[in-house]
Every structure is written in C-alpha cells, then in structure tokens.
Amino acid sequence: MWSLSKSSPAAPIARPDTWRDFGDDAFFEASTSYIPPPVRDPAERLARLRLIRSRRVGPATYLRLMAEHGSASQALEILPQIARAAGVDSYQPCPEPVALAELKAAKRMGATLLCLGDPDYPASLAGIPDAPPLLWVKGHNTLFSNPVLALVGTRNASALGSRMARSLAADLGAAGFVIASGLARGIDALAHRASLDTGTIAVMAGGLDVIYPTENTGLFHDIAQRGLVVSEMPFGCEPQARHFPRRNRIVAGLAQAVIVVEAAVRSGSLITARLALEQGREVMAVPGHPLDSRAGGGNLLIRDGAALIRNAEDVLEILGNPTAAPKRPHRPEAAQTPSTPAPQGGVEGAILAILTETPVAEDQLIRSLGQPPRAVAQALAILEMAGRITRGAGGMVARS
C-alpha cells in the first residue's frame with residue numbers, strides 16, 4: 001500500500017431550522033464495525049430515516065446508537081438525553097412529518113430506500129468505516145452485485161483524455177465491470193455514456209431529484225432507466241462543496257479500484273483516490289503530458305506508486321477478468337458520442353477547452369467535439385490566425 005505525498009423531480013422538502021447535514025458536530029466520531037440487522041418493520045425503517053436526518057447524527061453516531069440501543073426507535077428516544085449530556089439543550093430529533101415527506105418524495109420519483117444491513121445494500125460499501133446508513137436508489141440495483149470500477153477525472157477533459165475515458169469505460173464494461181462515477185461534466189459523464197450498455201452507476205452529491213450539473217439531465221434519466229443512480233442525501237438537497245467528498249467516498253467504496261484519467265493536483269478526483277487508499281482499494285492513473293495541468297494529478301499518483309494505465313488490458317492484468325468478455329458490436333466512435341452544444345465562446349471556445357500542448361489529429365478533434373466538420377475547420381482557421389493554436393505535419397493541431 002502506498003500513500004499520497006503532501007504536495008499532492010419533486011419540490012424541496014421543508015425542514016425545521018435546526019436541520020443540518022449529518023456529520024456536523026456529531027455526538028460520536030469514533031468508527032464502529034457494527035452493521036445493523038435488516039429492516040423488516042416499516043416503522044423501524046421510518047425511525048432509521050429520522051435518526052440519520054437528525055441534527056448532529058453522522059454515520060459514526062448512527063452506528064453507535066444502533067449498536068448500543070438495538071433499534072432506531074429506541075435511539076430516537078434516548079437522543080435528547082445524549083444531547084443534553086453534550087451541552088445541547090432543547091434538542092429534538094428529526095420530526096416524523098419531515099421523514100414522511102421524504103418517503104413521499106421518493107415514492108413520486110420511484111426511488112427505493114436501502115438501509116445499511118439490508119440484503120440489497122452493496123456489500124463493498126457496507127465494509128467502509130463511514131458507510132452511509134441509508135441510500136436512495138433508482139434503476140437496476142442488481143448492478144451492486146457485479147464487480148465495480150470507478151472511473152473519475154477532470155471536468156475540463158482534453159481530446160485525448162476524453163478518448164481514453166470512453167475507451168476504458170466501454171472496454172472494461174465489455175469485460176464485465178460496472179463503471180461508477182459522479183455524474184460530473186467531463187470524464188465522469190463520458191464514462192457513464194460509454195458504459196450505459198454494460199452497466200453504470202452514478203452517485204449524486206445532492207438529492208436524487210436535484211440533477212447537477214443540469215446539462216447532464218438527459219444522461220441522468222438514461223442512467224436511471226438503464227443503469228443505477230444513487231444518493232445518500234435528502235430529496236431536495238442542493239449539492240454544496242462539502243457534499244462532494246462525501247459523494248466521492250461512496251464512489252470509491254462501491255469499487256474495487258479507482259482509475260483517474262485526468263485530474264489537477266488539487267482536485268476532487270485526487271480526493272477520491274485518497275479515500276480509495278484509506279478504504280484499501282487499488283488506485284490507477286492514466287499518465288499525461290507534464291506541461292498539461294490536467295495531467296498533474298494523475299502523474300503525481302503514478303509517481304507515488306499508483307499503477308500506470310495505458311488501456312483496459314493494463315487494468316485487467318492487475319485485477320483479472322471477471323467474466324468472459326463478450327464481443328462488442330463495432331460502432332464508429334462518432335456514432336457513440338452524441339452531438340453536444342458548444343460551451344460559451346462557440347466552437348472556438350470548445351476547441352480551446354480541450355486542446356493542450358500535446359498535438360492531436362484534426363479528425364479526432366472533430367469526433368471529440370461532436371460538431372460539424374465545416375464548423376470545426378472554420379474555427380481552427382480563426383484560432384490559427386489569432387495565434388491560439390499551431391498546426392503540425394499530418395493534420396495535427398495543438399494549443400499554442
């Protein structure tokens with residue numbers, strides 16, 4: 001084992017003013033290996049939801065209370081006494097109407113509640129120290145029983161990084177792995193799209209009904225129908241910065257290995273890699289050009305001992321092939337990549353967003369952009385005249 005160097009669609013639910021995200025000033029922080037028994041009583045299931053939604057109750061507090069008192073119902077009764085002992089007066093657990101409203105929101109959306117200890121709760125995730133006490137899921141939760149790989153990376157992917165993400169996700173999916181990621185723009189979204197046919201899991205940072213970023217709304221619905229979407233957060237919860245590391249621990253916890261395609265030295269992807277190390281997972285990374293900041297995080301991981309990945313075969317050599325790889329029907333890469341609108345700045349902005357100092361073929365750039373060849377050619381001419389790009393032999397282009 002190695003370690004990173006230090007350089008390295010429902011309406012929001014009304015909540016009382018005392019409601020805060022779990023884990024804030026939690027009563028207990030010491031981890032416990034206790035796993036609650038399966039929930040068979042609807043009243044106990046509601047009580048578990050109320051318990052984890054109560055103020056100052058994080059995963060550690062939840063498990064300590066469950067281990068010591070045997071049920072969430074009894075834990076809710078004793079919680080005000082624990083709060084008084086901790087110096088918190090007039091403490092009230094999550095009100096029952098708030099939890100019932102969350103259950104109704106889930107029913108409207110067709111989501112299912114999985115509690116830690118339930119047979120359908122993912123076994124790999126249950127084994128991490130701060131496993132989510134509950135998960136909201138929508139889609140095919142049988143994907144939890146398949147071997148999972150996490151594929152993560154930058155939101156501002158280069159042309160080569162985009163191509164690598166699609167190739168890894170498609171080939172590893174064809175080999176029998178389910179691909180998990182965080183539904184972010186860039187590498188995450190590319191990995192999800194490339195593995196829709198073979199199995200993909202999207203972990204949300206906010207509530208299951210709050211799609212972020214909104215540009216991935218169509219992808220979210222595709223995954224909900226053909227794959228699986230997951231969140232531990234309440235319905236209506238808007239994702240904030242502090243939610244993303246919590247989401248990342250789930251991405252890593254579901255997988256037996258985390259693969260970083262492109263990431264800056266200080267990025268959420270490296271947080272996922274660090275969490276994976278703490279959870280005892282394999283960490284792998286795709287190398288990149290030293291002058292490209294998007295490759296800095298991956299190169300740092302490799303320097304510190306992560307496996308260098310060039311293709312799916314490198315991953316399979318390390319992890320083994322979970323199943324006989326089925327033959328994947330040949331489809332041109334352009335047919336797999338849906339046309340996407342250019343970001344602000346038009347086609348020129350889209351080109352500058354993915355080009356790096358590493359030259360790429362113009363036809364590959366066109367496929368990555370998903371824009372008409374004529375529009376790309378015109379934009380390249382404008383950028384070349386402005387000195388923003390350079391052309392090389394063989395139709396290669398690079399950022400100046």
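**Figure 1. The largest nonpolar core of the predicted model.** The largest nonpolar core comprises 78 residues, and those with the most contacts inside it are Leu51 and Ile201. A nonpolar core is here a set of buried Ala, Val, Leu, Ile, Met, Phe, Trp, Tyr and Cys residues joined through side-chain atoms within 4.5 Å. Buried denotes under 20% relative accessible area, exposed over 50%, and partly exposed in between, with a 1.4 Å probe and protein chains only. Helix H3 (residues 72-85) gives the most to this core, contributing 6 residues. Apart from this core lies another, of 24 residues, among them Ala157, Ala170, Ala191 and Ala194. In soluble globular proteins, nonpolar side chains tend to be buried together. The structure is a predicted model, in which local features need pLDDT of at least 70 and side-chain atom pairs count only at pLDDT 80 or more, while totals for chains, interfaces and linings use all residues. Residues are numbered from 1 along each chain as its sequence is written, and side-chain values use heavy atoms, with hydrogens and water left out.

**Figure 2. The surroundings of Ile201.** Neighbours within four places in sequence are left aside in this view. Ile201 is in contact (heavy atoms within 4.5 Å) with residues including Leu143, Phe144, Val148, Val178 and Ile179. Ala180, Ser181, His192, Leu228, Val230 and Leu254 are also among its contacts.

Figure 3. An open sheet is formed by 9 strands in the order E1-E2-E6-E5-E4-E3-E7-E8-E9, with mixed pairing. Helices (H or I, at least four residues) and strands (E, at least two) are DSSP runs numbered from the N terminus; two strands pair if DSSP finds at least two bridges between them. Strands E1 (112-115) and E9 (307-308) stand at the edges with a single partner strand each, so one side of each is left without a neighbour in the sheet. E3 and E4 pair in the parallel sense over 3 bridges, and Leu149 stands opposite Ile179 in E4. Helix H8 lies across E2, E5 and E6, running at about 105 degrees to E6. Helix H11 (residues 296-303) lies across E7 (257-260), E8 (282-285) and E9, at about 125 degrees to E8. Axes are lines fitted to C-alpha atoms, for helices over the stretch in contact, and angles run from 0 to 180 degrees between N-to-C directions.

**Figure 4. Helix H7 and its cover.** In helix H7 (residues 187-194), 7 of the 8 residues are buried, so the helix is largely enclosed by the rest of the structure. The buried residues are Ile187, Asp188, Ala189, Leu190, Ala191, His192 and Ala194. Their cover includes strand E3 (148-152), helix H6 (159-174), strand E4 (178-181), E5 and H8.

**Figure 5. Aromatic pairs.** The count comes to 2 aromatic pairs. Trp136 and Phe235 form an edge-to-face pair, 5.2 Å centre to centre with 70 degrees between the planes. Rings of Phe, Tyr and Trp (its six-membered ring) pair if their centres lie within 6.5 Å; planes under 30 degrees apart count as stacked, over 60 as edge-to-face and the rest as tilted. Trp136 is buried at 1% relative accessibility, and Phe235 is buried at 0%. Tyr212 and Phe244 form a tilted pair, 6.1 Å centre to centre with 55 degrees between the planes. Tyr212 lies in the loop between strand E5 (200-203) and helix H8 (217-226) and Phe244 in helix H9, so this pair ties together parts 32 residues apart in sequence. Tyr212 is partly exposed at 43% relative accessibility, whereas Phe244 is buried at 16%.
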